[in-house]
Structures are given as structure tokens and as C-alpha cells.
Amino acid sequence: MTDLYRRRMDRAAADAADAGLTGLLVTPGPDLTYFTGYRPTAVTERITLLVLAAGHGPRLIVPVLERPDAVEAAGAGAVTITGWADGDDPYAAAAALLDPRGRYAISDNAWALQLLGLQEALPGSRYTSMTATLPMLRAVKDADEVERLASAGAAADAAFEQILGVRFAGRTEHQIGTDLAALLLAHGHSQVDFTVVGSGPNGANPHHEMGERVITDGDMVVLDFGGLQDGYGSDTTRTVHVGEPTAEERRVHDVVREAQQAAFEAVRPGVACEEIDRIARDVITRAGYGEHFIHRTGHGIGLTTHEPPYLIAGEKQPLVPGMCFSIEPGVYLPGRFGVRIEDIVTVTADGGRRLNNTSRELHIVA
Ligand code: ZN
Ligand code: ZN
Ligand code: ZN
């Protein structure tokens, strides 16, 4: 693993230099895990900072009490690790590793407190956000990452297959969501990040999580759920119907399914992200529901459940083998119902490979 992390750090330092940056400042969270495997147990106001800059080996500054854990996880061989003690000025210690006039990209989730401390210690330095400057830093997954995402996807699929067997009518969205969360954990997830259960009119709000609404016969129900397994994310959506659907409900579901399929079939290296969004949107627009598809078509997934690349109008980034993202078109009819279908897809040399493989037919539940 040390070699893998070293390669990631070297590539990032080179990418930073190509982007005109002095280097990268990585704080605890997905970026630090990606580069070193190190996940500090207690993330606090005490600064932990990995500095990646071309021409230097990777350097990590940590609170002295975290140093043993950092050495064990990040491998003293690959990263030079120094500790700072309570009572020291941590920003002076961090600043000693930086170019006083340098331009750095810093992790999106760095604490404002710490960035302000660095700016004060080095008034001539400048900072940009990691994803604004190097959006594709973690976007192209290696084979091991794709397989972890595939395992997380298979676990989410297994949870979905089982939820089809539970009773929906007469139970609340919250109860179905609790069932889903338990199933994700039972199938190997370490953490559940969201369980959207949007029944009837609630399905028309893509961000409705779940509430106390009692599901009844005749409801469409949007189920969108995911979390982390072995460090990597799952995120899938299926829409089910309680009892027999109406012709219109079937039609809207068919349109969304066709949009999702068309977008999936368009996935191949070199196609722009925005093109995948356009293809899904065109199907829905042609069917007359364009104004009801009110969000982008997809987002990248990896160590987090939302990250670049984004499948959205204006995103010219071409697809690259190894990228992993959702394809999740939807139609939302206010006050009535919503439909969304979502799979995680990875780009291979000859097209897309779905990491979610449950049926995309409209499922009838009881
Ligand atoms: Zn219905
Ligand atoms: Zn989702
Ligand atoms: Zn999603």
C-alpha cells in the first residue's frame, strides 16, 4: 500500500505544479485518507496538515499526541512526520513547511480556523479550494477502488431486493427508511449516509429524506439510499409502487428508465460529462417532462458519496476509464409524485459498467 500512496502523492504534486500551484495542503478527511490511508480518530481544532509539493517529499505535521497513530498509518518511510505540542504555535510550525509566497490548493473541508491561521502566519501566501483547482484529483479510480465501489453497490442492491418483500402500505416513510438502513448494515456497510423514502407527493421533492407520512395503496415511493462500505460509497435509487399503478405513473417511470438507459449507453472514454446529462435530459424533454427534471444527471462517488466529476450542463471534462459516478435522472410532479432511477456507473475502455444491477422495472410492492 505504501507504494500506492506514494504514487498518488507524487502524481498530485506533479498535477499541482502543472496547475501553477506551489503545492497541495491536505487536511483530515477523504483527501488525507486517499493520499496516506491515515484517518485521525479525533479531528479537532488541532491542525493536521499534509504538504505535497513538487521537489519535496511529502511532509505531514500532526499534534504530537497523534504522532504514533500517524506514523503507524501513514508510514514514516513514505511521509516525513513531525509533531507539534500544545503550547507551540501550530501555524508557525506549519508555515515552516510552506513557501511564504506560495500558492496552495487546500482540502475543501479544511477548517476555516486553520486556513485563517495559515494566512495570518504567511500573509504573502495564497489559497484556492482543492476541487475548484484540481477537480479530477480523486476522480479516476484504480482497480481496487472500483472493486470496493462494486462491493458497496452489490450490498445496496441486496438491501433493495429485501426491502421489496416488506410491507409498505400502512407504515411510515420513517419505518421503511429504518428497515433500509438496517439492511445496508446487515449487508456489510459500516455507515448509512442517507435513506430517502419519498412517498406520494413527498417523492416530488428530490431532497425529501423521510417523515411520518403513512404510505398508502396507490403511492409511488422513491427509495434512494447509500452509505460507506470498506471506505467507499454506495448510492442507488429505485421507485416502487404500492399496488397497481395508473397509466400515467407507468408512463413517467418508462420515460425516466429510458433516459437512464440512454445516458448509460452513451458512456465511453472521451465523451464530455455534459453530454451524458444532455442525453438523459433530451429523452425527458421529448416526452414533455423537461421542466420537471430539476437537477443534474449525476455526481462522482468514491471515498465520499458526492464528488467530481459532475454530470451537468457546462462540464466539458471528458470521461476517463476508472471514473465512477451516478446516473440518476428523475421527474418530479409537484403535489403528486416523483420518479428517479439511479445507478453507479464506471467508465471502462469500451463503455460503461453498472455497479448497481437490480431491475429497473417499476416494482410493485404491497
Ligand atoms: Zn399510484
Ligand atoms: Zn442517490
Ligand atoms: Zn446520487
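This is a predicted model: local features need pLDDT of at least 70, side-chain atom pairs count only at pLDDT 80 or more; totals for chains, interfaces and linings use all residues.

Author: Residues are numbered from 1 along each chain as its sequence is written, chains are lettered from A and ligands numbered from 1 in the order in which they are written, and side-chain values use heavy atoms, with hydrogens and water left out.

Reader: Into which domains is the protein chain divided, and how far apart do their C-alpha centres lie?

Author: The bounds come from an automatic or database domain assignment. They give domain 1 as 2–133 and domain 2 as 143–365. The C-alpha centres of domain 1 and domain 2 lie apart by 35 Å.

Reader: Which residues of domain 1 lose the most area to domain 2?

Author: Six residues of domain 1 are in contact (heavy atoms within 4.5 Å) with five residues of domain 2. The two domains bury about 410 Å² between them, 70% of it on carbon and sulfur atoms; buried area is the accessible area (1.4 Å probe) that two parts lose on being put together, summed over both. Together 61% of what the domain 1 side buries belongs to the residues that lose the most, namely Arg8, Pro30 and Tyr34.

Reader: Which residues coordinate the zinc ion (ligand 3)?

Author: Donors are N, O and S atoms within 2.8 Å of the metal (3.2 Å for Na, K and Ca), and water is not among the atoms, so sites may look incomplete. Along the chain the donors of the zinc ion (ligand 3) follow the spacing D-x63-H-x28-E-x13-E. At 2.0 to 2.2 Å, the coordinating residues are Asp235 (OD), His299 (NE2), Glu328 (OE) and Glu342 (OE).

Reader: Why do His299 and Glu342 tie together parts of the chain, and how many residues apart are these parts in sequence?

Author: Both His299 and Glu342 are buried, where buried means under 20% relative accessible area, exposed over 50% and partly exposed in between (1.4 Å probe, protein chains only). Strands (E, at least two residues) and helices (H or I, at least four) are DSSP runs, numbered from the N terminus. The donors of the zinc ion (ligand 3) are spaced D-x63-H-x28-E-x13-E. Because His299 lies in strand E11 (residues 298–300) and Glu342 in the loop between strand E15 (337–340) and strand E16 (343–348), the pair ties together parts whose separation in sequence is 43 residues.

Reader: Which residue bridges the zinc ion (ligand 2) and the zinc ion (ligand 3)?

Author: The zinc ion (ligand 2) is coordinated at 2.0 to 2.5 Å by Asp224 (OD), Asp224 (OD), Asp235 (OD) and Glu342 (OE). Within this set, Glu342 counts as buried because its relative accessibility is 0%. The two zinc ions, ligand 2 and ligand 3, lie 3.1 Å apart, and the residue that bridges them is Asp235.

Reader: What is the geometry of the site of the zinc ion (ligand 1)?

Author: This ion is coordinated by Gly218 (O), His241 (NE2), Glu249 (OE) and Glu249 (OE), at 2.0 to 2.4 Å. Four donors count as tetrahedral if all angles lie between 85 and 135 degrees; four count as square planar and six as octahedral if opposite donors are over 155 degrees apart and all others between 65 and 115; anything else is irregular. With angles of 58 to 168° among its four donor atoms, the site of the zinc ion (ligand 1) is irregular.

Reader: Which side chain forms a polar contact of 2.7 Å with that of Glu307?

Author: Glu307 is placed in strand E12 (residues 307–311) and is buried, with a relative accessible area of 3%. A polar contact is a pair of N or O atoms within 3.5 Å; within protein, one must be able to donate a hydrogen and the other to accept it, and residues adjacent in sequence count only if both atoms are side-chain atoms. A polar atom of the Glu307 side chain lies 3.4 Å from the backbone nitrogen of Gly302. The side chain at 2.7 Å is that of Thr304.

Reader: Is Asp230 buried or exposed?

Author: Asp230 is found in the loop between strand E8 (220–229) and E9. Asp230 has a positive phi of about 55° although it is not a glycine. With a relative accessible area of 51%, Asp230 is exposed.
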